[in-house]
Structures are given as C-alpha cells and as structure tokens.
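Please examine the sequence and the structure shown below.

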Amino acid sequence: GEAAIVPDFHKCTSASYNMGNKPLGAVGLTRIREFGAWCCARPEETIVIVGHSLYFRYLFQLWLPQACTHEAKKKKLRNCGVVGFDLKQARLANGDLCYRIDPDSLTVVHLGFGGK
C-alpha cells in the first residue's frame with residue numbers, strides 16, 4: 001500500500017510565544033486583553049489556540065455581548081473540545097481597545113461545552 005503522509009508539525013506550529021507558567025499575582029483580565037491584542041496583530045486569518053477550559057469560559061464571558069446567553073458563558077469547553085469564532089477589535093471612546101466575539105460566529109467543531 002501507500003505510505004502514510006505525516007505532516008511536519010514543526011513547520012506549521014510554534015511554541016515561541018509560550019512564556020511558561022503565569023507569574024504569581026498575574027491578573028487574568030490583563031492576560032486576556034494581551035491575548036486579544038496579540039491575535040488581532042497577527043497577519044494570519046486563522047489562529048489555532050489551545051488552553052484550559054476555565055480560561056476559555058472567562059474569555060467567552062468577557063468577549064461575548066452581555067445580552068448573549070450562549071452556553072459558552074456558563075459551561076466549560078469539554079476536554080479536547082474545539083470551537084471556532086470570529087474575534088473583532090474596536091477602540092472605545094476613551095481610546096482603550098476592546099474585543100468582541102460575534103455570537104453568530106461561535107461554532108462547535110468537536111465535543112462542545114458540558115462542564116460547569
């Protein structure tokens with residue numbers, strides 16, 4: 001038979017932005033804002049991120065509109081769950097940057113949400 005084609009993950013992945021464990025006293029809101037700025041500064045149209053379900057739940061609580069009742073705001077992403085969404089950046093009247101996820105763009109790709 002034919003040999004399996006194995007992608008060279010070193011060419012399509014990078015851990016160069018991984019700064020290790022968060023420092024003691026780190027503020028989650030600051031880290032999430034920095035992450036939003038990093039995403040919006042990237043030239044790629046698609047970014048794949050991996051993280052803890054509690055981080056993502058907090059991110060969805062912050063970035064989905066307040067009136068949105070999507071389960072992502074209350075339930076954790078399942079282990080190995082995959083979702084897709086469009087992230088938008090805007091500048092507030094005071095000059096601060098803010099980030100929003102269009103709720104209509106939030107799509108479950110694999111497993112979805114389940115835990116509290």
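The paragraphs below treat these topics in turn.

The model is predicted. On the α2 side, the contact is made by G28, L29, R31, I32, F35 and G36, while α3 contributes Y55, Y58, L59, L62 and W63.

The nonpolar interior comes next. In soluble globular proteins, nonpolar side chains tend to be buried together. Here, the largest nonpolar core comprises 16 residues, and those with the most contacts inside it are L59, F60, W63 and L64. At least two residues of this core are supplied by each of α2, α3 and β4 (97-101), and the largest share, four residues, comes from α3. For F60, the residues touched, leaving aside those up to four places away in sequence, are A72, K73, V83, F85, I101, L106 and F113.

Charged side chains remain to be considered. Side chains of opposite charge can pair when their charged atoms come close. The count in this model comes to one salt bridge. The partners are R42 and E44, with their closest N and O atoms 3.0 Å apart. R42 is partly exposed, at a relative accessible area of 24%; E44 is likewise partly exposed, at 38%.

Conventions
Residues are numbered from 1 along each chain as its sequence is written. This is a predicted model: local features need pLDDT of at least 70, side-chain atom pairs count only at pLDDT 80 or more; totals for chains, interfaces and linings use all residues. Side-chain values use heavy atoms; hydrogens and water are left out. Contact means heavy atoms within 4.5 Å. A salt bridge is a side-chain nitrogen of Lys or Arg within 4 Å of a carboxyl oxygen of Asp or Glu. Buried means under 20% relative accessible area, exposed over 50%, partly exposed in between (1.4 Å probe, protein chains only). A nonpolar core is a set of buried Ala, Val, Leu, Ile, Met, Phe, Trp, Tyr and Cys residues joined through side-chain atoms within 4.5 Å.
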